[in-house]
Amino acid sequence: MLTTEIPQRQTSEILAHVAMHAALYPAVASTEEIETAITIAANELSVDYEDVIGKRRFRDITTARQYSVALVLTYFPGTTLSAIGEVMGGRDHSTIINQRQQFYDLFITEEKYRTAYESIVPIFLSAIRPKS
């Protein structure tokens, strides 16, 4: 597998982003919050929720899976890979690791992929934002 090395500046920005949001949101996502990430990614990519948690491997479906994993792990960094996998159709933690790595590789190298992900972040944040 080809893994792209993340430049130091970009790594620092990503870590700062994660740290900022970790203070605002619980460390562990609930099942409902994981389902929310899947729903938002599926809707934005015009795929069915059932396909995202299913076995189909079309590009838009796998992208929705990658975005879902990234949303959960970015904003709920204490969530276990097994918990995410369970909600995503009973997938193994190693599958979630692979989805996370694919997300990072494509986020760094593909501008269209990165832009699409960045457009769903505010939608996800408004859906999970703590009620005041």
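# Notebook: ring pairs, a pocket and helix checks

I searched the whole structure for aromatic pairs and got 10. The model is a predicted one, and I read every entry below with that in mind.

**Entry: Tyr67 and Phe103.** I took up one pair from the search. The ring centres of tyrosine 67 and phenylalanine 103 are 6.4 Å apart, and their planes meet at 85°, so I logged the pair as edge-to-face. The cut-off for that label is over 60 degrees. Next I looked up where the two rings sit. Tyrosine 67 belongs to helix H4 and phenylalanine 103 to helix H6, residues 93–109. The two residues are 36 apart in sequence, so this pair ties together separate parts of the chain. Then I checked burial. Tyrosine 67 has a relative accessible area of 2%, so I noted this residue as buried. Phenylalanine 103 comes to 5% and is buried as well. Buried means under 20% here.

**Entry: Phe103 and Tyr117.** Phenylalanine 103 also forms an aromatic pair with tyrosine 117. I noted 4.7 Å from centre to centre and 65° between the planes, again edge-to-face. This pair links distant parts of the chain too: phenylalanine 103 is in helix H6, tyrosine 117 is in helix H7, and 14 residues separate them. I looked up tyrosine 117 for burial and found a relative accessible area of 6%, which is buried.

**Entry: the cluster.** Which residues do the ring pairs link into a cluster? I listed Tyr67, Phe103, Tyr104, Phe107, Tyr113 and Tyr117. I then looked for a charge at one of these rings. The charged end of arginine 114 sits over the ring of phenylalanine 107, and its distance from the ring centre is 5.9 Å.

**Entry: second largest pocket.** I put its space at about 170 Å³. The lining is made of Leu45, Arg59, Asp60, Thr63, Tyr67, Glu110, Lys112, Tyr113 and Ala116. Two elements give two or more residues to this lining: helix H4 (59–75) and helix H7 (111–128). Which of the elements gives the most? H4 does, with four residues.

**Entry: helix H6.** I compared span with length. H6 has 17 residues, which should span 24 Å at 1.5 Å a residue; the end C-alpha atoms are 25 Å apart, and that agrees. I noted the buried residues of H6 as Ile96, Gln99, Phe103, Asp105, Leu106, Phe107 and Ile108. Asparagine 98 is also in helix H6. Its relative accessibility is 34%, so I marked asparagine 98 as partly exposed. I checked one separation from there.

**Entry: helix H7.** The buried residues of H7 are Tyr113, Tyr117, Ile120, Val121, Phe124, Leu125 and Ile128. I followed up leucine 125, whose place is in this helix. Leucine 125 has a relative accessible area of 9% and is buried. The C-alpha atoms of leucine 125 and leucine 71 are separated by 9.2 Å, while the two residues are 54 apart along the chain.

**Entry: serine 46.** Is serine 46 buried or exposed? Its relative accessibility is 67%, so I marked serine 46 as exposed. The cut-off for exposed is over 50%. Serine 46 lies in the loop between helix H2 (31–44) and helix H3 (49–53). I noted its phi near 55°, a positive value in a residue other than glycine.

**Entry: whole protein.** I ended with the overall count. The protein has seven helices and zero strands. Read from the N terminus, the order of elements is α-α-α-α-α-α-α. Of the 132 residues in the protein, 40% are buried.

Notes. Residues are numbered from 1 along each chain as its sequence is written. This is a predicted model: local features need pLDDT of at least 70, side-chain atom pairs count only at pLDDT 80 or more; totals for chains, interfaces and linings use all residues. Side-chain values use heavy atoms; hydrogens and water are left out. On a 1 Å grid over the protein atoms alone, a cavity is a set of points where a 1.4 Å probe fits but cannot get out, and a pocket is an open set with protein on both sides within 12 Å along at least five of seven lines; lining residues have an atom within 4 Å of a point. Grid points are joined across faces, edges and corners, and a volume is the space filled by probe spheres set on the points. Rings of Phe, Tyr and Trp (its six-membered ring) pair if their centres lie within 6.5 Å; planes under 30 degrees apart count as stacked, over 60 as edge-to-face and the rest as tilted. Buried means under 20% relative accessible area, exposed over 50%, partly exposed in between (1.4 Å probe, protein chains only). A charge sits over a ring if NZ of Lys or CZ of Arg is within 6 Å of the ring centre and within 35 degrees of the ring normal. The expected span of a helix is 1.5 Å times one less than its number of residues.
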